[in-house]
Amino acid sequence: MKVGIVLGSIREGRMGEGVARWVTDLAQGRDTGVEYELVDLKEFNVPLLESPVVPGAANKQYDNDQVQEWSNAIDSFDGFIFVTPEYNHSIPGAFKNAFDALGSEWFGKAVAFVGYGASSGVRAIEAWRLIVANFQMLQVRAALEFNLFTEFPEGNFSPEDRKIQEAANMFTDLEAMLKKVNA
Ligand SMILES: Cc1cc2nc3c(=O)[nH]c(=O)nc-3n(C[C@H](O)[C@H](O)[C@H](O)COP(=O)(O)O)c2cc1C
């Protein structure tokens, strides 16, 4: 089973890169038979959704090459960890656009959340929980939340020690959910 760790900020100088790499390193150090891979949204250049075909009805076939590439990547995973910043009390527009661009590639899969921001990304995570419900995604309750003021000294990601155990708990719950879904 494969889990995509989706880095959802595409900003130059984004703080999310350090967060996503830290999460990926920890996840890849596990010996549970689940594969973890970093998926950097910035590398896909997903265009703004303009297609006349509603993605949910596209049957994973898209007229735009970049969207097709994004679809192929997302479709290859059994579950996800969304690494999401909080923008204006919600999720980043580029990440939402990339989510909206696809349909059944997400459907019924497991997802866990890692948030960060001035308010530790809590509102972004809660916003995501409502959105992913539309694709009947199965959500892990345990989430990681990182505070911009205390865990990014001089822009370098430096999580609190307790976050290592919290991350392990989140991975364990996600892996259990994946096994249930794919049993
Ligand atoms: C457009 C924008 C809006 C933001 N709004 C919020 C907000 O409402 N709440 C919050 O806690 N942080 C907010 N922030 C702070 C971000 O969470 C913080 O800058 C974080 O590092 C952004 O992630 P990134 O650097 O990976 O893009 C905002 C940042 C941006 C760029």
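## Exercises: a ligand shell and a helix pair

The shell around the ligand is made up of 6 nonpolar, 6 polar and 4 charged residues (Ala, Val, Leu, Ile, Met, Phe, Trp, Tyr, Cys and Pro count as nonpolar, Asp, Glu, Lys and Arg as charged, and the others, Gly among them, as polar). This is a predicted model, where local features need pLDDT of at least 70, side-chain atom pairs count only at pLDDT 80 or more, and totals for chains, interfaces and linings use all residues. Residues are numbered from 1 along each chain as its sequence is written, and side-chain values use heavy atoms, leaving out hydrogens and water.

**Exercise 1.** Find how many residues surround the ligand, and which are the closest.

*Solution.* Start with the count: 16 residues surround the ligand, each with a heavy atom within 4 Å of it. Then pick out the closest, which are Ser9, Arg11, Tyr87, Asn88 and Tyr116.

**Exercise 2.** Which polar side-chain atom lies 2.6 Å from an oxygen atom of the ligand?

*Solution.* Look for polar contacts (pairs of N or O atoms within 3.5 Å). The atom belongs to the side chain of Tyr116. Next, the protein covers 77% of the 610 Å² of accessible area that the ligand has on its own (Shrake-Rupley method, 1.4 Å probe).

**Exercise 3.** Work out which residues of α1 meet α5.

*Solution.* Then list the α1 side: Trp22, Val23, Leu26 and Ala27, in contact when heavy atoms are within 4.5 Å. Their partners in α5 are Lys163, Ile164, Ala167 and Phe171. Finally, sort the residues of this contact: 7 nonpolar, no polar and 1 charged.

Conventions:
Helix = DSSP H or I, 4+ residues; strand = E, 2+ residues; numbered from the N terminus. Polar contact = N/O pair within 3.5 Å; in protein donor to acceptor, adjacent residues only side chain to side chain.
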